[in-house]
Amino acid sequence: MKIGYTLSLFREYLANYIKTKMTYRADFWVEVVSDLMFSAMNLVFIFVVFQHTPSLGDWSQAEVVFVYGYFMIPYGIFGAFVNLWNFSERYIVKGEMDRVLTRPAGSLSQVLLENVDPPSLIGSLVGLGIMGAAWARLGLPLDWYDPLVLIVMVAGSVLIYMGIYIALAAISFYSDAPTGIVPLMFNIQNYGRYPIQIYNKGIRFLLTWVLPFAFVGVYPAAFFLERHHHLLMAWLTPVMGAIFAAIGLAVWNHGVKRYRGAGS
Amino acid sequence: MISAYVDFIRIRFLTMLAYRVNYYSGIVIYAINIGAYYFMWKAIYGDAEQLGGFTAGQMTTYVAVSWMARAFYFNNLDREISNDIRDGSVAVQMTRPYSYIMVKMMQGFGEGLFRLLLFMAPGMVVVTLIFPIELPTDPVLWMIFLVMIWFSFLINSQINVMTGLFAFFVENNEGLMRMKRVTVDLLSGVVVPIAFFPGWASEVLKWLPFQAITYLPGSVFTGRIAGSAVWEALLVQAAWFVALIAPIALMWRAARKRLFVQGG
Amino acid sequence: MLAIEVERLRKQFKVQKNREGLKGALLDLFKREYTEVTAVKDISFRIPQGEICGYIGENGAGKSTTIKMLTGILVPTSGKILVNGYVPYKDRETFVQGIGVVFGQRSQLWWDIGVIESFRLLRKVYRVDERDFKRRLDELVETLQLGDLLNRPVRKLSLGQRMRCELVAALLHNPSILFLDEPTIGLDIVVKTEIREFLKRLNREHGTTILLTTHDLQDIEALCSRVIMLDDGNIIYDGSLEELKSRWSKGREVQFQFSDPVSLQALSALTAGQGVRWTKENEMTAKVWIPREMNVSDVLSRVVGAMEISDIKIFETNTDEIVREIYRTGGSEKTAEAENGEALPAMAGADSRD
């Protein structure tokens, strides 16, 4: 019932999004291009680096590119549905949260719906393409269950991202000043896409358990790479996804409670 | 008049101090960034002595110093300006007896100064203790480096101002701002030193203003550029600073005209 | 039946203290100090269904905090609230279905697209049936004359047009209580009057209970049968506007323009025993102060019979002055001595927020 209602709202918000974008058509394309350029920049980094070295850890260029392609899929989906970069500024400082709280729908779903950003999904498609190309290049076998596993892994990765960024956005409920943590975090998420063993223990621990960006990159992608197959870490992806989504939700709900001044 | 501008620096400095969460998380995140890149470059170097003209030691220093410089020159002037334009407060600013762009630059400087003193200085000490960084011993070099990151700040802010002013001419410049962020990070040399790019690419990049933001000061600091070449690098920065004044002035004039004609 | 019931409602906030200067700011970075501020101090009131109630007070008196508690945005520190039979902060999502909220300084409409699109979306959010929605929208569009605005994006609307659209947005789901926070702020007189007329009609035809905060006392005079006045988190007056006027009004003044020069003695002699007070403005003009409980006509009849008069003006103390006076004296006791037109801080700060 509740999910059906939220989904029906999603359609409406999406329609409004499309109408808004139609008024700014040129901008829409700039946005798509800049998203792709962002990915291109990371690929350029990989290509430039591999001009100077045959391997990173013991990972080849195609393998690193494969991980990057995987990363783009959950990242694009996440970007389409969780677009909270402006949350603190728009909802807390400018006070739009008050309006959200006078509406008969969940506060998080309203905030997420008001900011849907579908062009981000183009990145997912490009990522799928890159992954496919690297797959062929590496001559990996394609088992019947691979697409299903990919869906589960991507879902887990998306949930991890959602959990982390929702929790980060919710920090604005606690701090009375606008927070600039989210853009800073932007850099950290990149590190989960490189072979985890190149880092020292501290950073490895951080990327695995604290800010588990490695589960949005190297761990789940390695499932498909025979040479780096690590079943346990790969299958932890959906588990971590569930845990972090729950954490994100809990932090959000607690934050809203605090915003409304109910205990603290 | 000057004292009014100085006051803008002071106020922004104090404002930054008020954002406690940002401050603490900023230190941690910058440390993680430097750490992650350190290990990544270590893996890239493997057993190699020298890549792209950088020794492994120089590379470590380059990574640390370019992130620290980024802390100083980075600001969100583009977003601030385009917000001012979109909500119309720029018209109010124009009625005040100061130059709007100067005020914005001053505010950016206040922010940079805050990060220089409270992020960069303590951060540099910590990073020097953890990682094998080779700091130059020549005090003259330190002075030159300070002048160079001052130019980094100016050039980066000029690019931000231009990006922000685009909000006068397009309805929504969100995409443009994203594109700028990506471009600056990739082409300025924070992520990969320009010497690592293939020959033709680094040749092209030498003719763009971005390398003056990170690559030149980083190279001077690590001693990759020495002797009279240092003065050349400084000259390149100064030239870009002067060259970028003209387009900003033109854009500002056109913007004012547009504002008068359309009434905001 | 009661629309709103509030008992011993209290709200406290922890406010961060900012120490002065660079040294203070550096200290704040490491250790913060907080002070507790009580914005609303144990207030109680009841508003029956179908009433239009004005909620007034100076900036920072606690108006917005109260409204936010009544609409379920904030949770009170202590006390009891019942709105529409619900405890607002508990079943928030069910509760808000029955209320409409307009914040005068914030928009609830999509900035870039036609107004009608925002309305359609709100229809979905509030789960309004398509037929009801159409009927309701037609009615609102007609009364507020929005016909040709519906397809325009909000950013192309004037403030007055936008405010009318905000009202529609808050009323599409036919709420039984409407909360308005500064609904006429920044609007010109024509639009203000239109909005007042509309609210009156809404109240008359649908029995909608309306609670509004405002700095414009003309809103109150035009709309409200009841006024609640807040000062520093306490209710200092709760009752009808008429009673407010009669309790605090300092009487009336009548200015006479005579055809010939007059003397104060002569005038005082005319009204001997009536308890009025004369003042002379110039040779041929004099003013008489008449206490509230006395009829103006009693005084007039004595003067008109005895002197030749070229002009008469009657001054009623207006609500603005009364309210200013109440704030000045803290509201508890009334001072008959107070003079009009003293340099008092103006009530309305159009650009400042609560």
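How many residues does the contact take from chain B and from chain A?

**Figure 1. The contact of chain B with chain A in the predicted model.** On the side of chain B that touches chain A, the elements that give two or more residues are helix H2 (20–45) and helix H8 (174–187) of chain B. H2(B) supplies 13 residues, the largest share of this side.

**Figure 2. Residue classes on the side of chain B that touches chain A.**

**Figure 3. The contact of chain C with chain B.** Here six residues of chain C are in contact with five residues of chain B. Four residues on the side of chain C that touches chain B are nonpolar; one polar and one charged residue are also on this side.

**Figure 4. Chain C, its elements and extent.** Chain C contains twelve helices and 13 strands. Along the principal axes, the C-alpha atoms of chain C fill a box of roughly 75 × 60 × 45 Å.

**Figure 5. Burial and contacts within chain C.** Chain C has 354 residues, of which 36% count as buried. Taking contacts in chain C between residues at least 6 apart in sequence, 73% join residues at least 24 apart.

Notes: Residues numbered from 1 in each chain as written. Chains lettered and ligands numbered in written order. Predicted model: local features only at pLDDT ≥ 70, side-chain atom pairs only at ≥ 80, totals over all residues. Contact = placed C-beta atoms within 7 Å. Nonpolar A, V, L, I, M, F, W, Y, C, P; charged D, E, K, R; others polar. Helix = DSSP H or I, 4+ residues; strand = E, 2+ residues; numbered from the N terminus. Buried ≥ 20, exposed ≤ 12 C-beta atoms within 10 Å, placed from the backbone.
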